[in-house]
Amino acid sequence: MAISRWVRFANVKGLPDAAIVNPADVGGYLDFRGAWSMLQKLGLTWSGGFYIVEDPDILKESKQFENQEDLSVHLARFGIPHIRGSANVGLTDDDRLRLDLYIASAKIDS
């Protein structure tokens with residue numbers, strides 16, 4: 001578990017080369033509610049009881065997730081996609097770092 005988290009944290013942009021993340025340096029840890037608010041700004045949606053992640057390829061179908069754990073695991077494995085027509089609207093660099101740290105911390109059973 002520790003090695004997989006290290007690998008995921010190594011891919012977080014804006015994270016200094018340090019083994020420990022001080023939550024105060026990035027505005028504190030996010031919970032799902034805070035993360036979801038940011039993810040919506042990046043183009044993810046909720047519809048019909050599912051969290052929806054559009055595929056950047058318009059020829060592919062969107063992915064649907066019934067619960068926040070499955071959504072978080074998917075984003076931890078594959079990253080937050082660049083969704084057509086969305087940008088980092090309203091997200092500061094620190095917000096994006098906090099979101100990336102939240103996603104990188106998702107529990108993945110492999």
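Trainee: What share of the contacts in the protein chain with a separation of 6 or more comes from residues 24 or more positions apart?
Mentor: That share is 64%. Keep in mind that this is a predicted model.

Trainee: OK. How many helices and strands are there in the protein chain?
Mentor: The chain has 4 helices and 3 strands. In sequence order the pattern reads α-α-β-β-β-α-α.

Trainee: And what percentage of the residues is buried?
Mentor: Of the 110 residues in the protein chain, 35% are buried.

Trainee: Left-handed or right-handed crossing?
Mentor: H2 passes H3 in a left-handed crossing.

Trainee: Which residues meet there?
Mentor: From H2 there are Phe32, Trp36 and Leu39, and they meet Gln68, Leu71, Ser72 and Leu75 of H3. By type, the residues of this contact are 5 nonpolar and 2 polar, with no charged ones.

Trainee: Staying with H3, which of its residues are buried?
Mentor: Leu71, Ser72, His74, Leu75 and Ala76 are buried in H3.

Trainee: What caps the N-terminal end of H3?
Mentor: Asparagine 67 does, with a side-chain oxygen 3.2 Å from the backbone nitrogen of glutamate 69.

Trainee: New topic: glycine 90. Where is it found?
Mentor: Glycine 90 is in the loop between H3 and helix H4, and H4 spans 93–104.

Trainee: Is glycine 90 buried or exposed?
Mentor: Glycine 90 has a relative accessible area of 54%. The cut-off for exposed is over 50%, so glycine 90 is exposed.

Trainee: What is glycine 90 in contact with, leaving aside neighbours within four places in sequence?
Mentor: With those neighbours set aside, glycine 90 is in contact with Lys41 and Asp95.

Trainee: What separation do the C-alpha atoms of glycine 90 and leucine 42 have?
Mentor: Those C-alpha atoms are separated by 9.4 Å, while glycine 90 and leucine 42 are 48 residues apart along the chain.

Definitions and conventions: Residues are numbered from 1 along each chain as its sequence is written. This is a predicted model: local features need pLDDT of at least 70, side-chain atom pairs count only at pLDDT 80 or more; totals for chains, interfaces and linings use all residues. Side-chain values use heavy atoms; hydrogens and water are left out. A crossing is left-handed if the near helix is turned anticlockwise from the far one by less than a right angle, and right-handed if clockwise. Helices (H or I, at least four residues) and strands (E, at least two) are DSSP runs, numbered from the N terminus. Contact means heavy atoms within 4.5 Å. Ala, Val, Leu, Ile, Met, Phe, Trp, Tyr, Cys and Pro count as nonpolar, Asp, Glu, Lys and Arg as charged, and the others, Gly among them, as polar. Buried means under 20% relative accessible area, exposed over 50%, partly exposed in between (1.4 Å probe, protein chains only). A polar contact is a pair of N or O atoms within 3.5 Å; within protein, one must be able to donate a hydrogen and the other to accept it, and residues adjacent in sequence count only if both atoms are side-chain atoms.
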